[in-house]
Amino acid sequence: VVSSHGDTRLGGDDFDFRLAERILYVHTRGDEVGAEAIRRSPTSWLRLLLEAESAKRRLSTEVETVARVEFLEVNGGRAEHLEVPVTRSLFESVVQDLLRKTQASIDAVLADARSTIADVDEVLLVGGSTRMPSVWHLIQDAYGQEPSRAVHPEESVAIGAAIEAGLMAGVRTGRVLVDVCPFSLGTAALVEEAPGRRHMICRTITPRNSPIPSRHVERFLAMSADQERVRAYFFQGGHLDPLENQCVGSAELAGIKRRRSEPVPTIHIAFEYNLDGVVEVSLADGAGLARTAGRFRTDRTSAAALLAEYLEHCRQAGVLPGPGREGFEVPAADPDAPAEGVQAPLSELRASVETIAGRLEELTLRYPERAAELSRAVTAARTALSEPVSDLGAAVEAHAQLADLVFDLGEFM
């Protein structure tokens with residue numbers, strides 16, 4: 001796998017929901033009161049969604065169908081029959097924006113692979129929703145390629161899951177496709193743009209499209225010299241602002257110590273991405289005296305709870321939860337309260353940039369087509385990190401762009 005991309009907020013259910021809403025609008029003749037009564041009835045709404053899904057499937061092979069739900073409960077406990085004709089063109093008209101999101105993912109995965117559609121030999125469609133003619137037309141119209149019918153859309157998903165299960169069980173399965181991490185994984189770290197102006201950023205530890213299994217380690221600094229405890233929050237997504245990503249886990253490291261040569265304790269955070277999709281995380285202090293480890297695989301409910309916990313953590317620490325979050329209510333930090341966060345060390349970022357700069361001549365000779373891009377990225381990172389740093393968020397982002405560029409070239413610094 002060269003690159004992977006997906007929209008976690010887009011799926012077949014979104015198409016079902018759109019069609020159900022359209023059927024409901026036609027059935028109630030635009031009466032929002034009547035429509036809301038059906039939505040509030042769990043049984044009625046579920047039956048309508050199931051019929052919308054069935055109609056969607058029929059429209060993959062038919063140009064017109066009829067959505068029927070008998071004895072649909074409405075206001076006052078009454079029941080009535082729903083019968084609404086639905087055409088394929090009507091369905092496609094209400095899901096155009098969802099199809100555009102699909103195209104955005106295709107464009108993104110091509111960009112990540114540094115490729116164009118001309119470099120693609122074959123387009124395989126996987127998953128039941130790809131049976132919709134509109135998806136086929138999207139590929140043909142936007143990219144000039146007709147998707148292959150060599151694989152069964154539904155069976156291919158099941159076969160892939162079976163192969164993955166065999167790998168986890170140690171079964172020899174012949175040739176295996178090496179997968180990549182579909183999303184960047186990182187942790188929230190404190191930065192201080194100016195005295196008294198502190199906020200959190202998301203520092204990437206495992207970059208998106210890293211081959212799995214993978215292990216990445218990053219070094220952070222404690223917030224104070226006498227800090228004894230660290231609580232770290234982990235995020236999925238490549239945005240600099242933690243609130244634009246998804247909070248997927250947290251861990252606490254107690255009893256941390258610092259080496260005599262260190263002004264403040266150092267914290268090493270390691271992410272290990274397994275073949276089964278579980279992320280093992282470990283924290284250790286620089287002295288090697290304190291360690292903790294755990295794993296996370298969260299659902300939407302636990303993610304919401306983790307985010308609420310993270311926001312409360314930021315309030316108690318008196319820091320903004322992300323750059324540009326000035327509207328967030330932050331109480332004055334208690335000077336007697338023990339620090340529990342980690343901060344991104346600028347000295348580490350500068351050292352990383354200089355390491356890459358030291359290999360700039362070698363890299364430009366090896367990748368002459370990217371020479372200008374590499375030179376610009378090094379210059380931009382050096383400028384952003386030069387003293388005094390006027391915009392710490394921009395400095396961290398400039399370093400991240402340079403590191404991502406070098407990583408994309410297959411170089412691991």
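Predicted model: local features only at pLDDT ≥ 70, side-chain atom pairs only at ≥ 80, totals over all residues.
Residues are numbered from 1 along each chain as its sequence is written, and side-chain values use heavy atoms, with hydrogens and water left out.

The chain has 12 helices and 11 strands. These are DSSP runs numbered from the N terminus (helices H or I, at least four residues; strands E, at least two). Of the 413 residues, 40% are buried. Buried means under 20% relative accessible area, exposed over 50%, and partly exposed in between (1.4 Å probe, protein chains only). Contacts are heavy atoms within 4.5 Å. Among contacts between residues at least 6 apart in sequence, 64% join residues at least 24 apart.

Two packed helices are described by the angle between their axes and the distance between the axes. The axes of α1 and α3 come within 8 Å and cross at roughly 110°. That makes α1 roughly perpendicular to α3. Axes are lines fitted to C-alpha atoms, for helices over the stretch in contact, with angles from 0 to 180 degrees between N-to-C directions. Angles under 35 degrees count as roughly parallel, over 145 as roughly antiparallel, 65 to 115 as roughly perpendicular and the rest as oblique. On the α1 side, the contact includes F15, F17 and L24. On the α3 side, W45, L48 and L49 are among the residues involved.

The structure holds 4 aromatic pairs. Rings of Phe, Tyr and Trp (its six-membered ring) pair if their centres lie within 6.5 Å; planes under 30 degrees apart count as stacked, over 60 as edge-to-face and the rest as tilted. One of the pairs joins F17 and W45, edge-to-face, at 5.8 Å centre to centre and 80° between the planes. F17 lies in helix α1 (residues 12-28) and W45 in helix α3 (residues 42-58), so the pair ties together parts that are 28 residues apart in sequence. F17 is partly exposed, at 38% relative accessible area. W45 is buried, at 14%.

The ring centres of Y233 and Y310 are 5.5 Å apart and the planes lie at 65°, so this pair is edge-to-face. Y233 belongs to strand β6 (residues 229-236) and Y310 to helix α8 (residues 300-317), so parts 77 residues apart in sequence are tied together. Y233, F235 and Y310 form one aromatic cluster.

Helix α6 (residues 133-143) has as its buried residues P133, S134, V135, W136, L138, I139 and Y143. These pack against α4 (88-94) and α5 (96-112). S134 is buried, at 8% relative accessibility. It touches E92 and L99, not counting residues up to four places away in sequence. G144 follows α6 and has a positive phi, near 70°.

Helix α11 (residues 371-385) has 15 residues and reaches 21 Å from its first C-alpha to its last, close to the 21 Å expected at 1.5 Å a residue. The expected span is 1.5 Å times one less than the number of residues. Its buried residues are L374, A377, V378, A381 and L385. They cover an arc of only 100° around the axis, which puts them on the same side of α11. The arc is that of the directions from the helix axis to the C-beta atoms. R376 and T383 are exposed on the other side of α11.
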